[in-house]
Amino acid sequence: MDELREQCPWDKKQNIHTLRPLTLEETYELADAITDNDWKGIKEELGDMLLHILFYAKIGAEQKQFELKEVIDGICEKLIFRHPHIYGDVKVADEEDVKRNWEKLKMKEGKKSVLSGVPPSLPAVVKATRIQEKAKQVGFEWENKEDVWKKVEEEICELKEAIQLDSQEKIDEEFGDVLFSLVNYARFLRVDAEGVLERTNKKFIYRFQQMETIAAGKGKKLEDMSLTEMDAIWDEVKKQTVHT
């Protein structure tokens, strides 16, 4: 990194703001590799992420803000402070105790809200999950999944009422509430809402592209076919990929 920063025209030109979108891209590439259980890809993307960490640390040193050693020491100190059940005399029964202690310690560090640690720029489904998880740590949580499902049904009824009123603003609001309640239900089912939705996205893309291929093999384009014809091909593809 020292050599690149001194000798490469592109690397010399970069700053924290030009790197930011590239870092986001690398993060999503790592997320894709994890979703696909692609261990070779995970290894490669972790290397790319590490490069970005070194890059930011190099720029930080140039700006006389911090050194790489301070970054590493800082996270070590934070982990020790937030794991008193390992490095102190605090007793915990399970992972939920650990999470609750973690949030209490973060509040001691000066945070004014348990939700302040949720990054504003997180994707909406991930953000909803994190908000709910953090609210849980102070006891703001449903007792069982049956009650959560009742809330989902309640929100769906409110969405239907908004649709009857034909108010787009109200429909938008209630649809958001339905999604939020479904994310909550996913937590109770121990389902990663963001992860399973992405897998469904990938499954749809694969099946749709297979449908395009089959149609092309018959000398047709999807836009020239009826919905009934497309559904027949979709069912054919679905049977072939039912276990994928």
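Trainee: What volume does the largest pocket have?
Mentor: Please keep in mind that this is a predicted model. The volume of its largest pocket is about 810 Å³.

Trainee: And how many residues line the largest pocket?
Mentor: The lining consists of 32 residues. Those nearest the centre of the pocket are Thr129, Arg130, Glu133, Arg187 and Asp192.

Trainee: Which elements give two or more residues to that lining?
Mentor: They are helix H3 (16–35), helix H7 (95–108), helix H8 (124–136), H10 and H11. Of these, H7 gives the most, with seven residues.

Trainee: What is the lining of the largest pocket like by class?
Mentor: There are 17 charged residues, 11 nonpolar and four polar.

Trainee: Changing topic: how many aromatic pairs are there?
Mentor: The count is three aromatic pairs. In one of them, tryptophan 149 and tyrosine 185 have ring centres 5.0 Å apart and planes at 45°, so this pair is tilted.

Trainee: Where do tryptophan 149 and tyrosine 185 lie in the chain?
Mentor: Tryptophan 149 belongs to helix H9 and tyrosine 185 to helix H10 (residues 168–188). The two are 36 residues apart, and their pair links distant parts of the chain.

Trainee: Is tyrosine 185 buried or exposed?
Mentor: Tyrosine 185 is buried, at a relative accessible area of 19%.

Trainee: What about phenylalanine 204 and tryptophan 234?
Mentor: They also form a tilted aromatic pair, with 5.3 Å from centre to centre and 45° between the planes. Phenylalanine 204 is in helix H11 (residues 193–217) and tryptophan 234 in helix H12 (residues 227–240), so the pair ties together parts 30 residues apart in sequence. Phenylalanine 204 is partly exposed at 46% relative accessibility, whereas tryptophan 234 is buried at 19%.

Trainee: Why does glutamate 155 count as buried?
Mentor: Its relative accessibility is 7%, and the buried class covers values under 20%. Leaving aside neighbours within four places in sequence, glutamate 155 is in contact with Glu174, Asp177, Val178 and Ser181.

How values were computed: Residues are numbered from 1 along each chain as its sequence is written. This is a predicted model: local features need pLDDT of at least 70, side-chain atom pairs count only at pLDDT 80 or more; totals for chains, interfaces and linings use all residues. Side-chain values use heavy atoms; hydrogens and water are left out. Buried means under 20% relative accessible area, exposed over 50%, partly exposed in between (1.4 Å probe, protein chains only). Contact means heavy atoms within 4.5 Å. Rings of Phe, Tyr and Trp (its six-membered ring) pair if their centres lie within 6.5 Å; planes under 30 degrees apart count as stacked, over 60 as edge-to-face and the rest as tilted. Helices (H or I, at least four residues) and strands (E, at least two) are DSSP runs, numbered from the N terminus. On a 1 Å grid over the protein atoms alone, a cavity is a set of points where a 1.4 Å probe fits but cannot get out, and a pocket is an open set with protein on both sides within 12 Å along at least five of seven lines; lining residues have an atom within 4 Å of a point. Grid points are joined across faces, edges and corners, and a volume is the space filled by probe spheres set on the points. Ala, Val, Leu, Ile, Met, Phe, Trp, Tyr, Cys and Pro count as nonpolar, Asp, Glu, Lys and Arg as charged, and the others, Gly among them, as polar.
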